[in-house]
Amino acid sequence: MSVLIAAGLTLREAARRRVVWALAVLTVALLTLSGWGFSRLAGLDTEFGDLTSGQARMVASQLLNLVMFGLSLIAALGTAFLAGPTLAGDIESGMALSMLARPVRRSAVLLGKWLGLVAFGSGYVAVAGLAQFLVVRWAVGYWPPDPAAGLALLAGQTVVLLTLALLLSSVISPMASGVVAVGLFGATWVAGVVGGVGQALGNEGVERVGTVSRVLLPTDGLWRGAMHAFQDPSVLSAFDVAAEGFPFLSEAPLTVAYLLWAAVWVAMVWGLTALVFNRRDI
Amino acid sequence: MVAEDTRAAARLVAELPASPAVWCSGLRKRYGRRTAVDEVSFTVGRGEVVGLLGPNGAGKTSVIKMLLGLVRADAGEVMLLGRPGHDPQSRLRVGYLPELFRYQPWLTAAEVLALHARLARVPMAEAEGRDRLTAVGLDGRAGDRVGGFSKGMQQRLGLAVALVGGPELVVLDEPTSALDPIGRAEVRDVVLALKARGVAVLLNSHLIGEVERVCDRVVILDQGRVAASGTLAELLGRHEVRLHLTGVDGRAEARLRAAGTVTGGGDRFTVVLPADDDGGTVPGLVADLVALGVSVHAVEPARISLEERLLGILRGRSGDGVR
């Protein structure tokens, strides 16, 4: 019961604090710009002559990944900065005092807040992602091969990041937790790109940077799985080896083991947050 | 096995008749190297109003937070309304106005009340919420966002929140810190109304006058320890009577000393009356003095205030140290 109350309160906070509006404005801007860009792509005149429809699909496929990265960044920033104040901010301001003096378990309040954030982040990814797919289909007639799985993985990435932001916000100040979470998210992405370059160059040491960072924080791994679901399968064969180092192409779908690891990672970090939050003096 | 034992013990305790509203024993809390609370034990009976007094940093708010499970005690036990304090269910019928009163600024006052009613698992109709707000002087503000409230209004809202769901114990931590004199009087009326309904109240306040007016018992904390505790009669039990007399001779002085400890001299005397005075000492004394030929000009009853007593205890001058 208190789980649902806390979840509802978190969603209401997101709506009332105008986070929804800020995200909507950013998303509409991104959709409009991408729609305009994609619509120019169809009749693009290059030095090799007009793009064939096949080439246009290839370019669209990569551009879609680029734009989806923008969307995932908005979702990540939005939820991380929403997750930050939700625990630490409530404790700092004193709002947690009257709530936690009620007959509620702290873990139930935490679970409710987490579920609210998960619903918010996943809902945003689903709506904004679908809108982006429709824009691309309207502009160049491209539809990703596995949109549902891709969006689910993107939502998974958001869940990983907000879980991390929740853990951070139970130990450090609200603003710092948002900044650190987004910083780690960016660093993992860069490490993933570095790992890709290492793979392309055949340097195992550099390649390991990406692999290790993807295990430590599964945001980049999930993002690469999502990209694979968005991109046209023909793109990889066309790019061949060069695809390995390119940050907006993914050469392989995610393994079940990695997905399980991501789930275990979320459960572990959540459990740790619950442990810290339970012991914390309010 | 341990969990089973605890459950069995909790069941056993829950079945006992009229357990106190608050029972705590040996509470201790350290923050780093500083001991904030040390071996604090006290009880608040059902329907009793107990004041928690002490200087800044005495550990009053820490004790309250430990009672409500907001701060983990390093040692000691808490029972609320007959249930162990670590069980959230012990707070089912407990209302709390924190010293740091902040409520979700993006909610309206009515929504904050509704939220707390749901958390306390009691049904609350919209009209009831409006009535509660009216009772604390927030009539007509039910639909306004809390973010636009002044500090005083937020504290009033906090009082309404603490009273949600018909609590059997209300903990008020500095409930009048942001209120004007009218607000303070209203809080006093609220506490007296709770007392009349048999609701136990634990009141932490710097306003000793308020505490003296509404509390049955007082617990005085100093440097994290219970410096004194008892009923107001026990703590302020020293009744005095000041006398303006002329024509006092040796026999009259002996009669005065027989009534109690005498200070003063010449024509003004102060007699400290015994704690077990049944009200007959002063009339008997006056009648005897008149019979001895003493002219009695004035008889003035005096009682030391709680403030004097508190200062006396805190400055280490409490001679009789009621505990």
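# Questions on chain B of a predicted model

Me: With 21 C-beta neighbours inside 10 Å, does B:Leu81 count as buried or exposed?
Reply: B:Leu81 has 21 C-beta neighbours inside 10 Å, and the cut-off for burial is 20 or more. The structure is a predicted model, and in it B:Leu81 is found in the loop between S4 and S5 of chain B. Because its count of 21 reaches that cut-off, B:Leu81 is classed as buried.

Me: Which residue of S5(B) is the bridge partner of B:Met79?
Reply: Strand S4 (residues 75-80) of chain B pairs with S5(B) in the antiparallel sense, and two bridges join them. One of the pairs sets B:Leu80 against B:Arg83. For B:Met79, the bridge partner in S5(B) is B:Pro84.

Me: In what order do the four strands of this open sheet of chain B lie?
Reply: S1(B) and S4(B) are joined over five antiparallel bridges, with B:Cys24 standing opposite B:Val78 in S4(B). Strand S2 (34-44) and strand S5 (83-84) of chain B each pair on one side only, and they are therefore the edge strands. The four strands form an open, antiparallel sheet in the order S2-S1-S4-S5.

Me: Does B:Glu39 count as buried, partly exposed or exposed?
Reply: B:Glu39 lies in strand S2 of chain B, and its phi is positive, at about 55 degrees, although it is not a glycine. Residues with 20 or more neighbours are buried and those with 12 or fewer are exposed. Because B:Glu39 has 14 C-beta neighbours inside 10 Å, it falls in the class called partly exposed.

Me: At about what angle to S1(B) does helix H2 of chain B run?
Reply: Helix H2 (residues 60-67) of chain B lies across strand S1 (22-31), S2 and S4 of chain B. After H2(B) comes B:Gly69, whose phi is positive, near 75 degrees. The angle between H2(B) and S1(B) is about 120 degrees.

Me: How many of the eight residues of H2(B) are buried?
Reply: The buried residues of H2(B) include B:Lys60, B:Thr61, B:Val63 and B:Ile64, with B:Leu67 also among them. H2(B) is largely enclosed by the rest of the structure because the number of its buried residues is eight of eight.

Me: Which residues touch the most other members of the largest nonpolar core?
Reply: The largest nonpolar core holds 144 residues, and helix H3 (residues 53-93) of chain A gives the most to it, with 14 residues. Leaving aside neighbours within four places in sequence, B:Leu67 is in contact with B:Val22, B:Cys24, B:Val78, B:Leu80, B:Gly85 and B:Val171. The members that touch the most others are B:Leu67, B:Val171, B:Val201 and B:Leu203.

Me: How far apart are the C-alpha centres of the two domains of chain B?
Reply: Chain B is divided into domain 1 (2-233) and domain 2 (239-303), and its C-alpha trace spans about 75 × 55 × 40 Å along its principal axes. Between the C-alpha centres of domain 1 and domain 2 of chain B the distance is 45 Å.

Me: Which helix of chain B gives the most residues to the side that touches chain A?
Reply: The contact takes 23 residues from chain B and 21 residues from chain A. On the chain B side, these residues divide into 15 nonpolar, three polar and five charged. With four residues, the element of chain B that gives the most is helix H3 (residues 109-119).

Me: Does B:Lys151 count as buried or exposed?
Reply: B:Lys151 is found in helix H5 (residues 151-162) of chain B, and its C-alpha atom is separated by 32 Å from that of B:Arg28, 123 residues apart along the chain. A residue with 12 or fewer neighbours is classed as exposed. Because B:Lys151 has 12 C-beta neighbours inside 10 Å, it counts as exposed.

Key:
Residues are numbered from 1 along each chain as its sequence is written. Chains are lettered from A and ligands numbered from 1 in the order in which they are written. This is a predicted model: local features need pLDDT of at least 70, side-chain atom pairs count only at pLDDT 80 or more; totals for chains, interfaces and linings use all residues. Two residues are in contact if their C-beta atoms, placed from the backbone, lie within 7 Å. Axes are lines fitted to C-alpha atoms, for helices over the stretch in contact, and angles run from 0 to 180 degrees between N-to-C directions. Ala, Val, Leu, Ile, Met, Phe, Trp, Tyr, Cys and Pro count as nonpolar, Asp, Glu, Lys and Arg as charged, and the others, Gly among them, as polar. Domain bounds come from an automatic or database domain assignment. A nonpolar core is a set of buried Ala, Val, Leu, Ile, Met, Phe, Trp, Tyr and Cys residues joined through C-beta atoms within 7 Å.
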